[in-house]
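Thanks, everyone. Let me put the model up, and then we'll go through a few spots.

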Amino acid sequence: MNTRPPTTRAAEVSAGQSGQPVPPGVTTDVLIVGAGPAGLAAAVELRRLGAGSVVVADRDDEAGGIPRHSAHTGFGARDLRRVLTGPGYARHYAEAAAAAGADIRLGTTVTGWGGLSASDPPPVGGLPGAGGQHGATLTSSAGVDTVAARAVLLATGCRERPRTARVVPGDRPPGVMTTGELQRRVYLGGQELAGQALVVGAEHVSFSAMVTLAHAGAEVVALVTDRPRHTSYAAFALAASWRWHVPVWSSTVVRRVSGRGRLDGAELADLVTGETRFVPCDLLVFTGDWIPDHELARAAGLDMDPGTKGPAVDTALATSVPGVFAAGNLVHAAETADVAALGGRHAARGIAAFLRDGLGPGSPPGPVRLPLTAEPPLLWVAPNALRAGGPAPPRGRFVLRSDVFARLARLEVWQDGRRLATGVSFGMKPDRPVRLGASWTSRADPGGGPVTVRLA
């Protein structure tokens with residue numbers, strides 16, 4: 001596979017690509033942090049809407065985000081109305097954003113807000129700087145630069161929790177990784193990974209990891225999940241069993257990793273019987289268990305949602321700080337790339353309206369925001385605030401996650417003891433999106449209490 005970045009104007013002007021200094025004190029209308037599907041789709045839409053100049057900063061050396069190292073097909077069905085491979089999908093958006101006139105700066109990391117370093121506390125009140133602008137510090141191989149922007153879009157995506165964050169005890173040999181590391185090594189680095197492999201998890205990305213391992217020459221022993229069954233599509237499990245002869249070991253957890261100098265295997269425990277067994281393996285891949293890349297959002301002093309662990313956003317994808325928006329898997333980890341791209345487009349329309357209306361620091365108070373929460377066993381809802389008189393959420397629906405399996409689940413929306421709406425979810429599963437239409441939002445009382453979604 002050819003992994004060279006596309007030849008685009010954006011790549012040529014990138015500080016990270018060219019190594020040439022960029023003009024100090026750049027001023028732009030919109031700063032986008034993250035050149036994945038959400039950030040690039042937002043850049044294209046902003047330019048189409050005539051929202052002004054757009055700077056996109058990304059710490060990677062090539063634009064396109066995670067799809068660049070997901071060589072399988074299936075990308076673009078919802079947003080592009082055609083199906084592409086991951087690298088083809090990434091190239092489409094990178095080239096479209098450059099052609100639209102976005103200034104894409106690769107190999108560039110946002111290391112501070114308002115001219116502060118990442119170790120310094122954020123300014124009081126969050127991002128806004130002098131003159132109603134938002135200041136950010138960019139660091140690349142060319143040095144340190146500053147950007148002043150009228151609006152900011154955070155589209156930093158999400159990541160899988162590594163083994164250390166899951167507190168799996170044992171030795172620390174090489175060969176233990178996440179899906180992201182696996183796919184970068186195989187599809188971008190061209191590595192071959194022979195031997196036996198265990199995949200920890202049984203959701204969509206777990207089956208993708210299985211295919212990647214097979215492509216790299218490994219023999220996948222099994223997918224291991226603590227759930228009573230897998231949470232992906234039935235077709236994926238059937239394909240794993242019939243095509244690759246890989247079983248799913250349900251209600252099973254990794255108790256310990258073993259190996260000094262090299263990985264020997266993992267001790268597994270059956271949650272039903274309590275029995276343990278040792279499974280030899282040369283590779284151990286931890287999949288799923290997503291967490292938003294929220295460090296910049298926290299550094300900016302944005303209100304955070306305890307459920308999603310990303311910034312709290314309203315239906316326009318605006319955060320608690322005027323002029324700062326968030327989109328993609330930063331606000332709902334983890335949806336597919338096309339859903340993230342559509343969220344980026346939606347955020348771009350909110351940003352264009354913000355710039356057009358001239359709202360910002362020192363302006364009159366913004367629209368009323370009502371918190372929107374989810375009750376257990378629902379884990380979270382996104383967007384997680386209602387904007388009085390505001391737009392519908394992306395794709396006209398709210399996205400939720402649950403922690404239960406249910407063939408048929410009834411959702412209810414309540415405010416101050418008043419039921420606003422009911423909905424039905426078919427085939428509810430953990431790790432899978434649950435969607436709730438937004439037609440009921442006009443019935444919420446802007447002066448009332450928080451709105452809650454629950455299972456009936």
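Which residues form a nonpolar patch on the surface? Leu408, Val424 and Phe426 do, with about 360 Å² of accessible area together. Nonpolar side chains are joined within 5 Å, like charges within 9 Å. Areas are Shrake-Rupley, with a 1.4 Å probe.

Ground rules. This is a predicted model: local features need pLDDT of at least 70, side-chain atom pairs count only at pLDDT 80 or more, and totals for chains, interfaces and linings use all residues. Residues are numbered from 1 along each chain as its sequence is written, and side-chain values use heavy atoms, without hydrogens and water.

Back to Phe426. Phe426 sits in strand β25, residues 418-428; strands are DSSP E runs of at least two residues, helices H or I runs of at least four, numbered from the N terminus. Phe426 is exposed, at 67% relative accessible area. Exposed means over 50%, buried under 20%, partly exposed in between.

Now Asp338, in helix α9, residues 337-357. Asp338 is buried, at 5%. Its side chain makes a 2.5 Å polar contact with that of Thr336. A polar contact is an N or O pair within 3.5 Å, one able to donate a hydrogen and the other to accept it within protein; sequence-adjacent residues count only if both atoms are side-chain atoms.

Last, Ser70. Ser70 lies in the loop between β2 (54-57) and β3 (73-75). Ser70 is buried too, at 4%.

Methods:
Buried means under 20% relative accessible area, exposed over 50%, partly exposed in between (1.4 Å probe, protein chains only). Patches are made of residues with over 30% relative accessible area and no salt bridge: like charges are joined within 9 Å, nonpolar side chains (Val, Leu, Ile, Met, Phe, Trp, Tyr) within 5 Å. A salt bridge is a side-chain nitrogen of Lys or Arg within 4 Å of a carboxyl oxygen of Asp or Glu.
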